[in-house]
Amino acid sequence: MGHTGAVWCVDADWDTKHVLTGSADNSCRLWDCETGKQLALLKTNSAVRTCGFDFGGNIIMFSTDKQMGYQCFVSFFDLRDPSQIDNNEPYMKIPCNDSKITSAVWGPLGECIIAGHESGELNQYSAKSGEVLVNVKEHSRQINDIQLSRDMTMFVTASKDNTAKLFDSTTLEHQKTFRTERPVNSAALSPNYDHVVLGGGQEAMDVTTTSTRIGKFEARFFHLAFEEEFGRVKGHFGPINSVAFHPDGKSYSSGGEDGYVRIHYFDPQYFEFEFEA
């Protein structure tokens with residue numbers, strides 16, 4: 001317990017000692033995973049939309065929403081410096097004037113963060129200087145989710161423009177596109193196969209106006225190289241908000257608007273499956 005509003009984002013550090021949460025109660029909090037004790041409280045002027053630990057777990061970043069007259073900011077704190085936490089003074093704060101950040105992850109080696117915006121833009125911000133290193137716009141609508149590959153060389157974005165796209169982490173060069181008929185809320189890359197899973201569905205507020213048969217709430221599997229869909233998994237009776245692969249690649253989980261998290265274990269056929277090009 002602690003937050004008094006919706007918790008929008010959560011991230012654990014590499015050894016799962018600490019967990020970081022960002023909330024609509026205008027705060028980002030650091031917790032001890034084992035005891036649940038709150039270790040730090042960082043107050044903000046607007047809702048915290050994204051948060052994350054860097055690779056070593058020493059530096060945290062979070063972004064705030066553009067609301068109530070406040071613009072969107074990305075803040076960076078070094079947890080090794082207690083004065084930053086005590087005084088609520090980040091060592092760097094980057095303003096985002098144009099379009100608010102809707103998803104963000106740390107890039108390779110913790111040198112930058114990769115941020116997706118409401119406008120569909122992707123930016124790479126330096127974690128040292130704060131400058132925009134690369135800027136691309138491949139999506140036409142909001143980017144809902146960004147997830148890195150296991151080796152951090154690539155990442156996949158999920159967007160309201162009904163596509164997920166694969167990019168190079170360093171150059172932000174666009175590599176592949178996976179198309180659907182519905183907004184994509186989340187996409188994840190398999191750690192051991194060239195597979196990507198997409199989750200989505202129409203906007204939550206439109207769900208009641210359509211029959212469940214045409215809701216299209218399946219998790220959809222695409223081949224990373226050929227951009228072709230090769231499988232669907234039914235189950236949710238509402239849009240899927242988040243998907244993730246297990247680190248061993250043998251199962252995946254999906255969280256839906258219907259209030260369920262479903263964990264799916266792949267059948268033996270999945271591991272023997274050969275894609276015919």
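The largest cavity is lined by 11 residues, and T180, R182, G200, G201 and R220 are the ones nearest its centre. A cavity here is a set of points on a 1 Å grid over the protein atoms alone where a 1.4 Å probe fits but cannot get out, and lining residues have an atom within 4 Å of a point. This is a predicted model, in which local features need pLDDT of at least 70, side-chain atom pairs count only at pLDDT 80 or more, and totals for chains, interfaces and linings use all residues. Residues are numbered from 1 along each chain as its sequence is written, and side-chain values use heavy atoms, with hydrogens and water left out.

The largest cavity holds about 80 Å³ of space, where volume is the space filled by probe spheres set on grid points joined across faces, edges and corners. By this rule there is one cavity of 30 Å³ or more. Strand β18 (residues 195–200) supplies the largest share of the lining, three residues; strands are DSSP runs of E, at least two residues, and helices runs of H or I, at least four, numbered from the N terminus. By type, the lining comprises three nonpolar, four polar and four charged residues, with Ala, Val, Leu, Ile, Met, Phe, Trp, Tyr, Cys and Pro counted as nonpolar, Asp, Glu, Lys and Arg as charged, and the others, Gly among them, as polar.

The loop between β19 (219–223) and β20 (229–233) is a handy next stop, and L224 is found there. L224 is buried, with a relative accessible area of 10%, where buried means under 20%, exposed over 50% and partly exposed in between (1.4 Å probe, protein chains only). Beyond its neighbours within four places in sequence, L224 is in contact with M154, L166, K176, F178, L189, D194, H195 and V196, contact meaning heavy atoms within 4.5 Å. E227 lies in the loop between β19 and β20 too, but is partly exposed, at 32% relative accessible area.

Most residues other than glycine have a negative phi. In E227, however, phi is positive, near 60 degrees. N26, also not a glycine, has a positive phi of about 65 degrees and sits in the loop between β2 (18–23) and β3 (27–32).

Across the whole protein chain there are two helices and 23 strands. Buried residues account for 49% of the 277 residues, and the C-alpha atoms fill a box of roughly 55 × 40 × 40 Å along the principal axes.

Definitions and conventions
On a 1 Å grid over the protein atoms alone, a cavity is a set of points where a 1.4 Å probe fits but cannot get out, and a pocket is an open set with protein on both sides within 12 Å along at least five of seven lines; lining residues have an atom within 4 Å of a point.
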